[in-house]
Amino acid sequence: NSTANYTIDTREPVISSVVMSDSVLSAGETSTLTITFSEAMTGFDNADITLANGTLTAISSADGGVTWTGTFTPTDDIEDTTNVITVGTTLTDLAGNAPLAGNSSANYTIDTREPVVSSVVMSDSALAVGETSTLTITFSEAVTNFDNSDITLENGTLSAVSSADGGVTWTGTFTPTDDIEDT
């Protein structure tokens, strides 16, 4: 005589991957976090996830608990190049087995700190007929798409601004309007 059939599941689940859809985040961006297990998990929630410099919406699974996703939003006004998301081992599979080891995402970078105009300096602030002045605009960090449309000036013209240091310092030549006296 034999017993009725019984099942055994002593295989520990594996956290197969922890992946961010975007690993270079700037202001206004989000990234989808996808966590994949070797088998369906139960009781898995945000408490099992440790994140750096951001928040995560409640994770959910659309395939019975194997793949879990949530939206990561980086913290505002931060610049950090070394961040990872770690999944712990307090969760269990449907049979009650906990993963042997956690797993982490690849490194992701965050730059949500807005650049600041550090200084706006004219090389000559008392202009006479025939003179020009170099306008130097310095930012706290490199900026792109900066041009003359971002600058308001009075009583003169400015040559196209350009940067020779990758976008931190921008210069142009200011030429005052002819036949004017304005302090």
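Trainee: How many residues does the largest nonpolar core have?
Mentor: The largest nonpolar core has 20 residues. Those with the most contacts inside it include Ile35, Phe37 and Phe44. A nonpolar core is a set of buried Ala, Val, Leu, Ile, Met, Phe, Trp, Tyr and Cys residues joined through side-chain atoms within 4.5 Å. Buried means under 20% relative accessible area, with a 1.4 Å probe and protein chains only.
Trainee: Which elements give two or more residues to this core?
Mentor: Strand 1 (15–20), strand 3 (31–37), strand 8 (67–74) and strand 13 (108–111). Strands are DSSP runs of E, at least two residues, numbered from the N terminus.
Trainee: And where do these numbers come from?
Mentor: This is a predicted model, where local features need pLDDT of at least 70, side-chain atom pairs count only at pLDDT 80 or more, and totals for chains, interfaces and linings use all residues. Residues are numbered from 1 along each chain as its sequence is written, and side-chain values use heavy atoms, leaving out hydrogens and water.
Trainee: Back to Phe44. What is Phe44 in contact with, leaving aside neighbours within four places in sequence?
Mentor: Its partners are Ile35, Phe37, Ile49, Ile59, Trp68, Val87 and Leu91. Contact means heavy atoms within 4.5 Å.
Trainee: Which residues does the second, separate core include?
Mentor: Leu135, Phe146, Leu158 and Phe174 are among its 10 residues.
Trainee: New topic. What box do the C-alpha atoms fill?
Mentor: Roughly 115 × 25 × 20 Å, along the principal axes. Of the 183 residues, 27% count as buried.

Terms used. Buried means under 20% relative accessible area, exposed over 50%, partly exposed in between (1.4 Å probe, protein chains only). Helices (H or I, at least four residues) and strands (E, at least two) are DSSP runs, numbered from the N terminus.
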